[in-house]
Amino acid sequence: MVSLLVQASKSKLDEILLGTKSDIELQSVANYIENGWPESKSVVLHAQHYWHCQTELHIKNGLICRGQRFVIPKSCRKDVLQRLHIGHRGIVSCINLARQSLYWPGMNTEIENMVSHCDICQQNQKSNCKELRKLAERPWQKVAIDFFHLSSVTYLLIVDYFLNILSSNIYIIQRPLQIIEFCTNRDIFFNPSSSGFPRSNGQDERCVQTVKSTLVKAAQDKNDAHLVLMEYRNTHMDGLPSPAEILMGRRIRALIPTLPSQFDPHYDCSVVQERLHFRQQRQHKYDLHSRPLKPLQENQEVVFHLNNQ
Ligand SMILES: [Zn+2]
């Protein structure tokens with residue numbers, strides 16, 4: 001399936017646009033953006049919460065943006081908050097995810113309230129074991145794998161040590177021994193940890209806990225676990241780009257409404273576009289000279305190419 005998933009879905013943008021138009025506060029902000037802000041904050045009636053960031057505010061296709069972030073109208077905030085918390089992550093993580101693409105006054109406090117009052121999060125609260133971090137120099141240089149069982153299904157978990165514990169992936173597997181064969185065939189050094197002392201691999205153990213708990217919460221909330229993990233991988237952490245961004249050189253599109261320009265790759269796209277343009281031209285020339293073949297008759301002799309001979 002090929003989809004042009006390059007921006008927040010049309011209906012979501014329409015919803016934000018509609019919400020913006022019926023939001024008294026944002027209409028006042030839009031008015032100041034277009035006609036200039038007054039000298040004093042006290043005369044700005046409905047837009048006082050936006051006074052401090054007035055130089056960053058602009059309008060793009062009818063939507064108000066603060067820098068690269070959408071300003072979300074009141075009517076859409078509940079839905080956006082739910083999207084932010086789809087993986088039932090903690091407060092800091094949800095705020096980090098929100099700050100990448102969204103803004104509204106008091107956003108952090110609302111996120112904090114939502115997470116601290118979430119029933120599913122409270123039911124699944126746990127204390128973390130000590131984490132033992134090992135350094136890697138590049139993505140996919142050192143990965144840890146582990147199996148875990150949940151609801152009679154065996155999962156394989158892969159944790160990349162460079163990207164982050166949360167860049168992990170989950171696979172349902174049939175035969176654990178496949179892993180040893182896989183590593184041997186690809187010249188991958190395999191270093192099993194002692195089954196009697198599984199915590200010798202602290203990072204992996206912690207990740208199993210996180211993913212397990214994510215799967216349980218996703219099931220309780222009837223959410224797609226893969227979608228939830230995708231949001232994990234798409235979240236900035238400790239001031240670094242998200243794991244997906246480090247690996248792929250660009251942000252990935254997930255559930256949170258995001259300005260399309262934020263998906264631009266970190267490399268020079270013009271070279272790729274030139275190449276695509278060249279191919280397109282060549283294909284066009286070829287199509288001009290191509291003709292439909294005559295239908296074959298019964299017993300007619302035919303010659304065909306075999307391995308380019
Ligand atoms: Zn929660």
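A: In the largest nonpolar core, which has 38 residues, those that touch the most other members are Val71, Ile72, Leu84, Ala98 and Leu102. A nonpolar core here is a set of buried Ala, Val, Leu, Ile, Met, Phe, Trp, Tyr and Cys residues joined through C-beta atoms within 7 Å. A residue is buried if 20 or more other C-beta atoms lie within 10 Å of its own, exposed if 12 or fewer, and partly exposed in between, with C-beta atoms placed from the backbone. Helix α8 (residues 202-220) supplies the largest share of this core, five residues. Helices (H or I, at least four residues) and strands (E, at least two) are DSSP runs, numbered from the N terminus. At least three core residues come from each of domain 1 (10-120) and domain 2 (143-288), the bounds being taken from an automatic or database domain assignment.

The model is predicted: local features need pLDDT of at least 70, side-chain atom pairs count only at pLDDT 80 or more, and totals for chains, interfaces and linings use all residues. Residues are numbered from 1 along each chain as its sequence is written.

Leaving aside residues up to four places away in sequence, isoleucine 72 touches Ile16, Arg77, Val80, Leu102 and Trp104. Such a contact requires C-beta atoms, placed from the backbone, to lie within 7 Å.

As for the protein chain, it has eleven helices and seven strands. Of its 309 residues, 24% are buried. Among contacts between residues at least 6 apart in sequence, 59% join residues at least 24 apart.

Conventions. Two residues are in contact if their C-beta atoms, placed from the backbone, lie within 7 Å.
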